[in-house]
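Me: I've got this one open in the viewer. Let's go through it piece by piece.

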Amino acid sequence: MSRNAVLLPSLALLLAACSGAPDQADVASAVARLYDEDLRSEREVLAGVGMDGLLPSLVTAEKLACATSATGRGYDCDVRLVTEQFGSRSSTVTAMRLVAGADGWYVADAERSGQNQ
């Protein structure tokens, strides 16, 4: 048996293991990154006048389900977001497409689909 006959199947298995859907930690990290980037300028402006507490804070992002995106790029995931503002928590289910980058997962698209408090 040639060396390539052994290496190629092993390499294929290794690559398959690396290309799976994002796990709970990946989703939470990607959502936190998006949340921080989206609200950075607002937080800076409000912090300048001592009002940065007016913005909601992200409590948790829970992965509900993920499937390969119809576009073939990334994964379509349903995520439950819990935020807190003025001592009150709200929960929203959001559909989002996540893609893998060199330094982790990123939210490419997000669409709010429902809310309950």
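Me: Start with Glu84. What does Glu84 count as at its relative accessibility?

Reply: Partly exposed, at 27% relative accessibility. Under 20% relative accessible area is buried, over 50% is exposed, and partly exposed is in between, using a 1.4 Å probe and protein chains only.

Me: Before we go on, what are the ground rules here?

Reply: This is a predicted model, where local features need pLDDT of at least 70 and side-chain atom pairs count only at pLDDT 80 or more, while totals for chains, interfaces and linings use all residues. Residues are numbered from 1 along each chain as its sequence is written, and side-chain values use heavy atoms, with hydrogens and water left out.

Me: Fine. What does Glu84 meet in a salt bridge?

Reply: Arg89, with N to O at 3.4 Å. A salt bridge here is a side-chain nitrogen of Lys or Arg within 4 Å of a carboxyl oxygen of Asp or Glu.

Me: How many salt bridges does the structure hold?

Reply: Four. Another one joins the side chains of Glu62 and Arg80, at 2.9 Å from N to O. Glu62 is in strand β1 (residues 57-68) and Arg80 in strand β2 (residues 75-85), so this pair ties together parts 18 residues apart in sequence.

Me: Which residue does Asp103 meet in a salt bridge?

Reply: Arg33, at 3.8 Å from N to O. That pair links distant parts of the chain, 70 residues apart: Asp103 sits in the loop between β3 (88-101) and β4 (104-116), and Arg33 in helix α2 (residues 24-48).

Me: Is Arg33 buried or exposed?

Reply: Buried, at 19% relative accessibility. Asp103 is exposed, at 54%. Arg33 also lies over the face of Tyr106, 4.0 Å from the ring centre. For a charge to sit over a ring, NZ of Lys or CZ of Arg must be within 6 Å of the ring centre and within 35 degrees of the ring normal.

Me: Step back. What does the secondary structure come to?

Reply: Two helices and four strands. Along the sequence the pattern is α-α-β-β-β-β. Helices (H or I, at least four residues) and strands (E, at least two) are DSSP runs, numbered from the N terminus. Of the 117 residues, 21% count as buried.

Me: In what sense do β1 and β2 pair?

Reply: Antiparallel, over ten bridges. Strands count as paired if DSSP finds at least two bridges between them. Leu58 has Thr83 in β2 as its bridge partner. The β1 and β2 hairpin has six residues between the strands, and Gly72 there takes a positive phi near 85°.

Me: How many bridges join β2 to β3?

Reply: Eleven, and the two strands run antiparallel. Tyr75 stands opposite Leu98 in β3. Asp78 stands opposite Ala95 in β3.

Me: What about Ala95 and Cys77, how far apart are they?

Reply: They are 5.7 Å apart, C-alpha to C-alpha, and 18 residues apart in sequence. Ala95 is partly exposed, with a relative accessible area of 28%.

Me: Which residue in the turn between β2 and β3 has a positive phi?

Reply: Phe86, at about 55°, in a hairpin with two residues between the strands. That is a positive value in a residue other than glycine. Phe86 is exposed, at 63% relative accessible area.

Me: Where is Val49 found?

Reply: In the loop between α2 and β1. Val49 counts as exposed, at 55% relative accessibility.
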